[in-house]
Amino acid sequence: KELIAEAEAFSAQSKDEIEAFRIKYLGSKGLTRKYFSEISKIAAENRKEFGQIVNKLKVTAEDKVNSLKEAIESQEEDKGIYGDLSRPGEPIALGARHPISIVKNQIIDIFSRIGFNVSEGPEIEDDWHNFTALNLPEYHPARDMQDTFFIQTDPDILLRTHTSSVQVRYMENNKPPIRTISPGRVYRNEAISARSHCFFHQVEGLYIDKDVSFADLKQTLQYFTTEMFGKSKIRLRPSYFPFTEPSAEVDVYWGLETETDYKITKGTGWLEIMGCGMVDPNVLENCGIDSKEYSGFAFGMGIDRIAMLLNQISDIRLLSENDVRFLEQFKSVL
Ligand code: PHE
């Protein structure tokens, strides 16, 4: 009976201790075997009680071994040593796509459906690709339209002010027909405020083929704004860019009659979203394309502006501050 109490009180920290306990009580040379084998030596009238006690000892020891083993195993499972590999894992915190990437991908998707590919080029450019080839020779007053960051003291090396430089590179290396869009980051030496930054993102488009007309340009832009903003009105206002002739600014009507027709309902009237025009023959010739055989159009838009309009972001700086409280809000968007 004392042994039963002792067995009941037993506790163990390790599997080895449990095993030692098991051998002591239940092993082939253990206590219960020993007492059972001695049962014949017990006086006949006490045998029944003796047998019951020994049996109780055996059951108690067995229960103890099982429960201790279970306890230790579940402890180990918690520690992940022999964890249940079929259990669901810890949830993984997913990031969100950046609003600039979301809009950029949408624009790429829309233009790729009508046969435009994507081209990229360096952010550090030379004067030729950013200006001169685009019909902006040295001392051309329009160079002041885009305040430029120069790299150290070399006036020939600069941070590109637009991705038109990529279009020059593309024309130099590819024969028409050309249908390409060039997304990327551009830099301008401007005071940083809620509305403008010293770097932002553009997508510029270029289409060169035989007999490309201004009507093709307008229809392409209408297709784009409809895909991007829903059913929408556009307006082309005459403008000036050195690399296109004629040139226009594109406005989209923002703030429209019915919720169902339009994705944007909070706006107010016409909003400028891009510049465009027919590629100047000088630019084609600078890039080795015969301007008598080919014509084309180009357009360029700021991704940041569009992302801000679509998501009602009031300050452009939010787009580059990497504040997770801001970025997390785009989790549900693909
Ligand atoms: N490159 C111009 C800009 O950055 C945009 C543009 C592109 C205008 C193509 C006309 C044609 O402002």
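## Aromatic pairs and burial in a predicted chain

Author: The chain holds eleven helices and nine strands, where helices (H or I, at least four residues) and strands (E, at least two) are DSSP runs numbered from the N terminus. This is a predicted model, in which local features need pLDDT of at least 70, side-chain atom pairs count only at pLDDT 80 or more, and totals for chains, interfaces and linings use all residues. Residues are numbered from 1 along each chain as its sequence is written, and side-chain values use heavy atoms, with hydrogens and water left out.

Reader: Why is the pair of phenylalanine 111 and phenylalanine 299 called stacked?

Author: The search of the whole structure finds 13 aromatic pairs. Rings of Phe, Tyr and Trp (its six-membered ring) pair if their centres lie within 6.5 Å; planes under 30 degrees apart count as stacked, over 60 as edge-to-face and the rest as tilted. For phenylalanine 111 and phenylalanine 299 the centres are 5.1 Å apart and the planes stand at 25 degrees, so the pair is stacked. Phenylalanine 111 belongs to helix α5 (residues 99-112) and phenylalanine 299 to strand β9 (residues 295-302), 188 residues apart, and the pair thus links distant parts of the chain.

Reader: How do you know that phenylalanine 111 and phenylalanine 299 are buried?

Author: Buried means under 20% relative accessible area, exposed over 50%, and partly exposed in between (1.4 Å probe, protein chains only). Phenylalanine 111 has a relative accessible area of 0% and is therefore buried; phenylalanine 299, at 2%, counts as buried as well. Both residues are in a cluster linked by ring pairs, together with Phe116, Tyr207, Phe224, Phe229 and Phe297.

Reader: Why is the pair of tyrosine 253 and tryptophan 270 called edge-to-face?

Author: The ring centres of tyrosine 253 and tryptophan 270 are 5.0 Å apart and the planes stand at 65 degrees, so the pair is edge-to-face. Tyrosine 253 lies in strand β7 (residues 244-254) and tryptophan 270 in strand β8 (residues 269-279), so the pair ties together parts 17 residues apart in sequence. Tyrosine 253, with a relative accessible area of 21%, is partly exposed, and so is tryptophan 270, with 33%.

Reader: How do you know that the charged end of lysine 233 sits over the ring of tyrosine 253?

Author: A charge sits over a ring if NZ of Lys or CZ of Arg is within 6 Å of the ring centre and within 35 degrees of the ring normal. The charged end of lysine 233 sits over the ring of tyrosine 253, 4.8 Å from its centre.

Reader: What makes isoleucine 208 buried?

Author: Isoleucine 208, in strand β5 (residues 199-209), has a relative accessible area of 0% and is therefore buried. Not counting residues up to four places away in sequence, isoleucine 208 touches residues including Met171, Pro176, Val279 and Tyr294, where contact means heavy atoms within 4.5 Å.

Reader: What is the average pLDDT of the chain?

Author: The chain averages a pLDDT of 88, and 93% of the residues score at least 70; pLDDT is the predictor's confidence in each residue, from 0 to 100. Over residues 258-262 the pLDDT is below 50. Where pLDDT is low, the predicted coordinates should not be read in detail.
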